[in-house]
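The paragraphs below go through a structure piece by piece, from strands to chain to interface. Please keep the sequence and the coordinates at hand while reading.

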Amino acid sequence: MNFYFIGIAILILGAIFSLAVKNPNNKLKTISVFSVIGALNILVASIKTFISGANDFVFNLGSVFQNVRFSLDNISAFFAIIIAVMSTLAIIYSNGYLKPYIEKGKNITAHCLFLIMLMASMLGVVVCQNALMFLIIWELMSLSSFFLCLFEYEQKEVISSGIKYLVYMHLSVIFIIIFFALLSIQAHSLDFNYFYGVAKENIQLANLIFIFGFIGFGIKAGFVPFHNWLPDAHPKAPSHVSAMMSGVMIKTGVYGIIRALEICSIPTLSTIYLVLILSIITALYGISYASVQKDIKKMLAYSSIENMGIIGIGIGVYLLATHYEYPTVALIALCGSFAHILNHSIFKELLFLSAGSVYIKTHTKNMELLGGLIKKMPITAICFILGGISICALPPFNGFVSEFLIYMSFIKALDISNFGVFIVILFALASLALVGTIAILCFTKTISIAFLGESRSEHCANEDNPKSMLVSMSILACACLVLGLFPQYVFKYTLLPARVFIDYGCACKQIEFLSTISKCLWAFVGLIILFLLIKKAISNKTSIYSTWGCGYNKLTSKMQYSGASYTSPFLNIVKPLFKRTRDVKKAKGLFPTDAHYETRVDDIEETYIINPILKWDEKFLSKFEIIQNGDIQQYIRFGLAFLALALIVAILII
Amino acid sequence: MIVKILNLILLLITPFLMVGLIRKTKAFWGARKGASIFQPIYDFIKLMKKDSIFSSSTTSLFKIAPMINFACIVFASLFAPMVMGQSIINIQGGLILFAYALGLSKFISLLASMETASSFEGMGSSREACFTTIIEPAFFIVIASIMALCKVYTFDSLNQVIANSGSLGILIIIFAIACLFIMLVVEGARVPVDDPATHLELTMIHEVMILDNCSQELAIISYCAAAKMFLISSLIATLILPLSLPFWASLGAFLAIMILISIIIGTIESAIARLRMSHIFEFVFVMSSLALVVASLVALKLYGV
């Protein structure tokens with residue numbers, strides 16, 4: 001725990017130092033160095049926790065806060081490792097990413113400060129065990145990420161999506177405040193330790209409290225129907241910030257849900273079904289929308305929603321299995337959930353960083369304008385492809401291992417002899433398979449439109465990015481493969497947080513079956529390498545010729561298949577899920593001058609629920625324009641009227 | 001052990017013979033003599049000797065894709081039950097490894113076909129990707145229902161349906177076979193979904209994805225498509241064959257089922273034309289409905305509702 005505080009102190013020191021440094025490039029270098037050192041300290045502290053168990057640290061901050069307790073247990077340590085490593089890699093990446101901005105003369109002082117503040121506050125959130133302090137650090141985290149989002153504040157859309165993010169975060173905080181308020185009223189304390197008693201006394205109340213917590217933290221995590229901020233805020237933020245937000249920050253929402261579970265214990269059956277079905281819907285909704293996006297980063301944001309759904313499915317199955325007292329199933333499901341939290345933070349960060357690397361060179365996020373980047377930016381392209389394979393949960397990468405665990409929990413949950421469970425589990429299984437295949441559709445589309453084929457417009461790159469960007473990406477890409485091939489060593493540590501909930505002796509069996517999987521995946525890699533070597537040995541003479549145009553030989557790169565066409569068969573199947581708008585201007589006359597065709601897919605939740613509410617809200621509030629009309633005389637009149645009223649009231653009372 | 005080695009040998013040879021037999025059947029219905037059923041093997045050897053031509057738009061991803069595809073098929077087949085209902089590696093979760101290895105093969109072949117920058121191949125890949133989204137969930141529902149029915153959580157549970165459920169089992173088997181057969185037609189790119197003999201690129205699915213492949217690459221890809229067909233046929237065989245058969249009878253019955261499936265496919269290809277593109281989706285959706293029927297039959301058996 002001491003190391004943990006030293007780590008956070010080093011981060012804060014780094015922020016202060018960066019203020020003193022003049023040269024903006026050195027500023028970034030300063031915070032990178034400090035974040036590496038800080039992250040190392042936090043790693044030491046977390047690993048020590050894994051080995052020797054949890055430890056507490058109590059500050060006395062007077063009567064308002066009571067005793068502020070920080071505790072580094074297995075769950076906190078697990079999240080702290082993810083936060084420390086992923087944030088540091090993103091900060092290192094920002095050295096290269098922000099260079100073009102610095103050359104244009106942009107001031108990055110505040111940006112550096114908020115980067116460190118975001119990292120430090122996330123680290124604070126996962127160890128704080130005092131409700132009031134938790135809320136303060138939580139707000140600090142939301143605010144610093146809000147300011148990071150506003151990096152390109154000159155653009156109007158950036159400001160509007162930033163405000164949207166802020167509004168959603170405040171909505172989330174309202175629910176979290178209710179959650180903590182209910183708990184602390186019952187427990188007469190702000191300390192988490194006293195909260196555990198509430199569930200034991202009153203199960204119905206604990207269930208209600210859990211629902212508040214789930215909604216509050218679910219907004220942060222991006223569960224449908226509270227996801228709307230995510231696809232707006234992530235694409236507008238600079239890539240390392242979106243990587244931090246999507247890879248790490250939304251995980252604090254999951255952390256909150258897990259803590260809420262720990263505090264409120266197992267909710268009632270209907271709540272369990274609610275959590276499970278909401279998660280399934282989240283996964284399906286997220287990936288369906290991801291597959292139709294044009295903007296690479298928006299696609300990745302929707303895919304984050306999908307992965308939150310998968311994590312939620314794991315938690316849901318854990319709850320279901322615990323309700324029916326099947327500890328092995330519960331353990332596998334929860335372990336899969338934790339493993340997916342770790343894996344998602346790795347490959348999502350990798351994908352966001354690669355997307356940023358594309359953006360910096362080509363100045364566009366619209367994949368329909370890209371193409372052929374694999375020839376100019378090979379490392380970025382390979383990183384993106386590897387990230388894509390991992391996120392589609394294909395072997396032998398890490399995504400496969402965590403989804404495998406969740407699938408295994410389904411298959412074992414079929415053992416629970418209950419009709420409802422059978423139906424729900426089959427539904428979840430089919431949905432997860434569907435999510436997997438739509439993910440394949442979505443990522444083959446993105447990869448092939450943006451990176452393969454020929455360049456579609458003048459937005460093309462000449463060379464790959466500087467090393468500081470590629471280093472972070474390569475480390476993450478390697479991590480994807482290593483975690484896929486050695487699951488038994490790495491995911492031993494995801495068992496530790498899972499065992500906070502289930503202390504049964506079945507953990508060892510778990511490792512055994514992970515090592516079988518590891519052997520299978522090694523065999524798979526062996527097969528691939530063997531066959532490639534055979535191919536190399538037997539291959540004949542090769543020659544190069546242009547692509548066959550089916551008899552037509554004036555092909556241009558604009559005639560390639562577009563992303564919108566690629567998804568259109570899928571889009572036609574799930575028509576009612578989307579709101580599609582077409583903007584067509586047909587070519588007319590013998591010598592047509594201009595023609596225009598554009599399709600757009602809007603989020604149905606945004607179009608049919610949020611926008612009408614906002615419209616109504618605006619209409620209602622505009623009625624009060626009479627009061628605030630900018631006329632100073634009238635304001636003085638209001639003041640006088642108020643004073644008079646106060647005087648009359650005072651006289652009447654006396 | 002013998003069974004396992006036999007499985008591998010069957011995996012390498014049977015796909016060719018099945019394709020040969022399908023062609024022979026088509027020739028029979030067309031009143032032609034037709035090529036020998038070993039013709040696909042001769043084609044394979046001929047293609048392996050040829051020089052390759054690659055599109056100028058492609059990179060080494062395109063060159064390594066067929067071999068990765070092949071590795072995926074071989075890896076997936078390690079988990080699929082074949083002769084005697086035994087798979088080479090029998091572990092819990094073999095189903096998932098099987099399905100996801102095939103998923104990787106699809107992922108790689110989609111990327112490879114998109115790499116040629118040809119709009120025809122884009123068309124094919126978009127359809128192929130879309131069909132998979134319909135098939136995969138149905139496949140998982142069928143297999144998981146059968147697992148729940150037999151209370152055996154490995155892929156081999158397919159061979160225990162009759163033993164576990166008596167007369168209702170026959171109904172379950174019929175629907176499950178119908179499901180797997182649709183999957184076979186779609187994955188193996190046969191009529192009425194796709195026509196491997198057509199020359200109209202606009203209406204093709206799997207065949208159009210490999211327009212720019214030739215020689216060794218084409219040989220391997222064609223083998224992979226046939227092998228997928230064989231794998232799914234062997235799932236069907238496992239569903240039908242009872243466990244109690246002795247080795248030779250079981251092997252004979254297995255091969256007989258392979259021959260029967262090839263003849264049925266050949267007959268279908270001779271009897272009907274391929275469907276219109278918009279109807280193919282409806283055809284593939286039939287699989288989902290059938291899968292739900294299997295699930296409800298299993299629920300009926302287990303919970304009596």
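Strand E5 (residues 596-602) of chain A is hardly covered, as zero of its seven residues count as buried. A residue is buried if 20 or more other C-beta atoms lie within 10 Å of its own, exposed if 12 or fewer, and partly exposed in between, with C-beta atoms placed from the backbone. Helices (H or I, at least four residues) and strands (E, at least two) are DSSP runs, numbered from the N terminus. The model is predicted, and local features need pLDDT of at least 70, side-chain atom pairs count only at pLDDT 80 or more, while totals for chains, interfaces and linings use all residues. Residues are numbered from 1 along each chain as its sequence is written, and chains are lettered from A and ligands numbered from 1 in the order in which they are written.

E5(A) has a partner in strand E4 (residues 579-585) of chain A: the two run antiparallel and are joined by seven bridges. Strands count as paired if DSSP finds at least two bridges between them. Within this pair, A:Arg580 stands opposite A:Val601 of E5(A).

Chain A as a whole has 26 helices and five strands. Its radius of gyration is 27 Å, close to the 26 Å that the globule rule gives for 654 residues, so chain A is as compact as a globular protein of that length. The radius is taken over C-alpha atoms, and the rule is 2.2 Å times the number of residues to the power 0.38. Along the principal axes, the C-alpha atoms of chain A fill a box of roughly 100 × 70 × 60 Å. Of the 654 residues in chain A, 54% count as buried. Contacts are counted between residues whose C-beta atoms, placed from the backbone, lie within 7 Å. Among the contacts in chain A between residues at least 6 apart in sequence, 81% join residues at least 24 apart.

Chain A is divided into domain 1 (267-531) and domain 2 (576-653), with bounds that come from an automatic or database domain assignment. The centres of these two domains of chain A, taken over C-alpha atoms, are separated by 39 Å.

How many residues does each chain give to the contact between A and B? Chain A contributes 61 residues and chain B 65 residues. On the side of chain A that touches chain B, the elements giving two or more residues include helix H18 (398-413), helix H19 (419-450) and helix H23 (507-538), as well as strand E3 (542-545). H19(A) supplies the largest share of that side, 15 residues. By class, the side has 41 nonpolar, 15 polar and five charged residues. Here Ala, Val, Leu, Ile, Met, Phe, Trp, Tyr, Cys and Pro count as nonpolar, Asp, Glu, Lys and Arg as charged, and the others, Gly among them, as polar. The two chains also share strand pairing: E3(A) and strand E1 (residues 52-55) of chain B pair in the parallel sense over four bridges. In E1(B), B:Ser55 is the bridge partner of A:Tyr545.

The largest nonpolar core has 339 residues, and those with the most contacts inside it are A:Ile83, A:Leu429, B:Cys179 and B:Val294. H19(A) gives the largest share of this core, 21 residues. Such a core is a set of buried Ala, Val, Leu, Ile, Met, Phe, Trp, Tyr and Cys residues joined through C-beta atoms within 7 Å. Leaving out residues up to four places away in sequence, A:Ile83 touches A:Met119, A:Met122, A:Leu123, A:Val126 and A:Val248.

Some backbone details remain. Most residues other than glycine have a negative phi, and most peptide bonds are trans. A cis peptide bond joins A:Pro395 and A:Pro396, with omega about 0 degrees; A:Pro396 is in the loop between helix H17 (378-391) and H18 of chain A. In chain B, the bond from B:Val191 to B:Pro192 is cis, with omega near 5 degrees. B:Pro192 is found in the loop between helix H6 (161-187) and helix H7 (206-209) of chain B.

A:Glu325 has a positive phi, near 60 degrees, and lies in the loop between helix H14 (296-323) and helix H15 (327-362) of chain A. A:Glu325 is exposed, with 9 other C-beta atoms within 10 Å. B:Lys151 also has a positive phi, about 55 degrees, and lies in the loop between helix H5 (119-150) and H6 of chain B. B:Lys151 is partly exposed, with 13 other C-beta atoms within 10 Å.

How values were computed. Contact = placed C-beta atoms within 7 Å.
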